[in-house]
Amino acid sequence: MQFVFKTFGRGAHPPASKITAELPLVVMDAPERLSVPLSQHIGAPAVPVVQQGDEVRVGTLIADAAGFVSARVHSPVSGRVAGIVKRRTPSGGTSLHIEIDNDFNYTEDLLPPLSDPSPEEIRERVRECGIVGMGGAGFPTHVKLAPKGKTDLFLLNGAECEPYITCDCRLMTERAGEVVRGAELLAKAVGAEKAVIGVESNKREAFDALTRACADSSAAVEAVMLRTKYPQGAEKQLVFALTGRRVPPGALPADVGCVVDNVHTAYAVARAVDKGEPLFERALTVSGGETGEKGNFFVRIGTPFDYIREKTRGERSDDDLVKVISGGPMMGVAQADLTPCVAKTTSSLLFFGEKEAAEEPTQCINCGRCIRQCPMKLAPRDIERAVLAKDFARTEELYVSSCMECGVCSYVCPAKRPLVQAIRLAKKSLKEGRR
Amino acid sequence: MKNLRVSSSPHLTSPANTQRIMLDVLIALSPAVIAMVLLYGFYPLFLTVLSVATAVFCEWVFNVITKRTQSVRDLSAVVTGVILALNLPPVVPFYVPIVGAAFAIIIVKMLFGGIGRNFANPAITARIFLMLAWTGVMTKFVLPVDLSDGANLFVYFKQGVEINLPDAITTATPLQTVKEAISSGGNPAEGLNALDMFLGRIGGSAGEVSTLAVLIGGIYLAVRRVIDVKIPVLYIGSTALFTAIFFADSGYVGEYVWTYLLGGGLMFGAFFMATDYATSPKTPVAVVIYGLGLGFLTVIIRKFGTMNEGVSFAILLMNIVTPLLEKIRRKPFGTPRKSVKDITDAVKAKFPRKHVAAEEGGESVGR
């Protein structure tokens with residue numbers, strides 16, 4: 001038994017609120033019409049390859065990648081393309097969506113499974129199946145796997161440090177074998193000797209399941225327990241906790257010989273290689289005080305949020321609903337309405353009432369918590385002051401670009417200052433050339 | 001469906017707020033207040049009430065006149081009032097805490113922008129102001145009430161309004177005893193008892209005398225993570241270190257160290273005043289310099305100064321240095337650390353050795 005868990009410096013301890021941690025993953029029925037977003041990854045939006053009226057089956061390619069940093073999109077159901085329309089995405093922007101009418105037959109159109117694939121075959125399969133980083137960033141995985149320099153370690157992010165979200169926890173517990181298999185395939189694809197899965201100490205069951213699966217597997221995969229602390233799952237913090245390597249500002253983990261991917265991504269890779277299944281569904285947590293039937297669900301990409309709300313509403317009325325968040329409460333995006341649809345990066349949907357909404361800011365008392373607890377060693381207090389003075393050049397001197405917007409500063413602030421919000425404004429202003 | 005609230009993440013905030021932090025400080029001050037009443041009776045408690053009432057009233061009036069958002073509910077004025085009262089001698093005329101609290105709140109705190117913006121600790125600045133304005137009153141200390149003598153806890157109310165206390169009830173503070181030893185070269189601990197100093201059965205400022213009570217409060221603040229515990233630890237540690245260095249040839253190093261640690265307001269200053277949010281640095285390097293500077297100045301002033309105001313002046317001076325210390329920027333996480341060779345290379349590039357430059361110049365001319 002391990003008593004001192006690996007971790008990073010500083011950070012915070014928001015209440016975990018993992019209400020749904022014990023609830024098994026349930027398949028949620030697909031609605032009659034799904035809208036699959038074409039921009040659910042970092043990079044160029046995918047280009048539709050189907051037209052209104054086309055027949056599609058589960059796994060049929062419906063939009064192709066527009067360039068190297070882009071990802072394919074596949075049909076989540078069988079049926080007919082109803083149209084291509086512009087809709088809001090969970091991240092707040094708009095994008096073209098392919099609307100598909102479900103025929104509820106679920107006839108499949110999958111790729112042939114690969115047995116004993118080479119690294120090139122794995123990378124090609126990942127690209128074909130449209131797999132992107134499913135932790136939230138949505139970076140196309142085949143780009144990460146493209147070799148540049150020597151990679152000796154493959155790290156899997158199973159920290160799931162955001163409060164409320166439990167979909168990765170359930171996936172690791174129930175599908176440990178496939179997660180470990182995915183880790184093995186990913187490590188092979190980048191030529192790493194070893195894969196390490198980092199799991200926070202509050203997911204004991206998931207850790208035990210992974211440890212058993214690692215013992216069953218012949219590959220060099222290991223599960224490591226991490227301290228429960230936010231943001232344990234941030235890329236640079238995870239690399240430091242697991243390997244002691246420091247990723248310099250502006251650099252990627254690849255620069256220190258590591259590649260990091262989410263456990264759900266690994267699961268998708270295992271499915272893609274062993275079953276030939278493109279990425280068209282994902283695990284999703286529905287939680288928060290205003291959810292009647294909380295739980296972890298397998299949902300098909302393109303399922304509208306209002307459909308999920310109806311399925312999980314229980315006895316709750318929409319009148320008490322104050323905030324809806326796609327993603328975790330620390331870094332997720334508040335939704336203006338329930339029209340967006342589940343994307344490959346949507347890990348949770350939280351329905352909050354009045355009690356869970358934030359307070360009004362008061363004057364900074366200079367307590368220094370934001371500075372002492374910033375995982376990136378920045379000075380949010382000084383950056384906010386510079387932003388209020390519209391001195392954006394000064395924010396650059398304060399290394400504002402190193403901020404990963406984890407939200408620890410705003411969380412710990414006793415005066416409830418909008419610190420990370422000010423940092424976002426500074427970054428945006430600098431990008432637009434304002435000084 | 002009605003409108004949903006949209007805001008930028010994070011959507012959670014910690015339960016900590018300004019009022020709760022100030023309440024924690026008040027809880028941490030309560031052992032010192034209790035010790036004060038047990039030692040000197042109810043008169044200093046009466047002064048504390050006056051001080052707190054004045055502080056809150058001044059902040060309220062200031063906010064009303066200047067049309068600022070009312071801030072008395074955050075309890076920070078109450079904290080300033082209590083800390084100021086605990087810094088005064090147990091028996092002073094009633095108007096002393098009133099003037100002091102008004103000075104602390106209006107001049108040091110509110111005129112500079114209120115909570116979090118003051119340039120120095122309001123209580124310590126007010127104490128120094130009172131010390132300069134009413135030196136006679138502020139340097140007369142009484143003995144703790146001796147209940148076995150038939151006296152009661154209300155005994156000092158009689159002397160309260162007098163400016164000149166009768167000599168019969170005044171006493172020297174341990175630091176005054178030590179000061180005499182510095183000039184005479186004798187044993188500084190002569191006539192002092194470490195246990196009495198630890199419990200507070202000595203003459204001194206009302207709330208500072210009991211090291212035990214102050215430590216209980218200080219540990220509470222550290223456990224609740226209200227203060228950065230590095231500051232008091234460094235301050236107390238560096239005071240011990242510099243005392244040992246400055247009195248190395250006195251022959252009484254051990255005696256000087258323990259009298260300096262237990263005497264005066266060192267413990268109180270280290271836990272409750274040096275850690276003031278607005279006037280203490282936040283980054284580790286700056287905190288180390290701040291803590292060492294506090295200890296160094298305290299010992300210098302106590303050894304060479306005419307007034308025994310080491311802690312007050314050390315904190316005031318380091319408060320003023322804090323904005324400079326804050327200019328030490330921390331590099332973001334992951335910035336490659338400089339090796340010794342990098343640093344020496346940088347120094348060499350900045351200061352080229354003259355004869356090397358001359359040689360190179362000579363060569364180029366030669367060719």
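Predicted model: local features only at pLDDT ≥ 70, side-chain atom pairs only at ≥ 80, totals over all residues.
Helices here are DSSP runs of H or I with at least four residues, strands are runs of E with at least two, and both are numbered from the N terminus.

Residues are numbered from 1 along each chain as its sequence is written, and chains are lettered from A and ligands numbered from 1 in the order in which they are written.

Next, display the side chains between the two helices. Residues of H13(B), including B:Ile289, B:Leu294 and B:Leu297, meet residues of H14(B), among them B:Phe313, B:Met318 and B:Val321; contact requires C-beta atoms, placed from the backbone, within 7 Å. The residues of this contact divide into 15 nonpolar, four polar and one charged. Ala, Val, Leu, Ile, Met, Phe, Trp, Tyr, Cys and Pro count as nonpolar, Asp, Glu, Lys and Arg as charged, and the others, Gly among them, as polar.

Now show chain B as a whole. Its secondary structure comes to 16 helices and two strands, and its C-alpha trace spans about 100 × 80 × 35 Å along the principal axes. Of the 367 residues in chain B, 45% are buried, that is, have 20 or more other C-beta atoms within 10 Å of their own C-beta, placed from the backbone.

Then select the contact between the chains, which takes 32 residues from chain B and 51 residues from chain A. The chain B side has 13 nonpolar, 13 polar and six charged residues.

Finally, turn to chain A and its open sheet of six strands, ordered S1-S14-S13-S17-S15-S16 with mixed pairing; two strands pair if DSSP finds at least two bridges between them. The edge strands are S1 (25–27) and S16 (333–334) of chain A. Within the sheet, S13 (residues 281–287) and S14 (residues 295–300) of chain A run antiparallel and are joined by six bridges. Select A:Leu284 to find A:Phe297 of S14(A) opposite.

Technical notes:
Buried ≥ 20, exposed ≤ 12 C-beta atoms within 10 Å, placed from the backbone.
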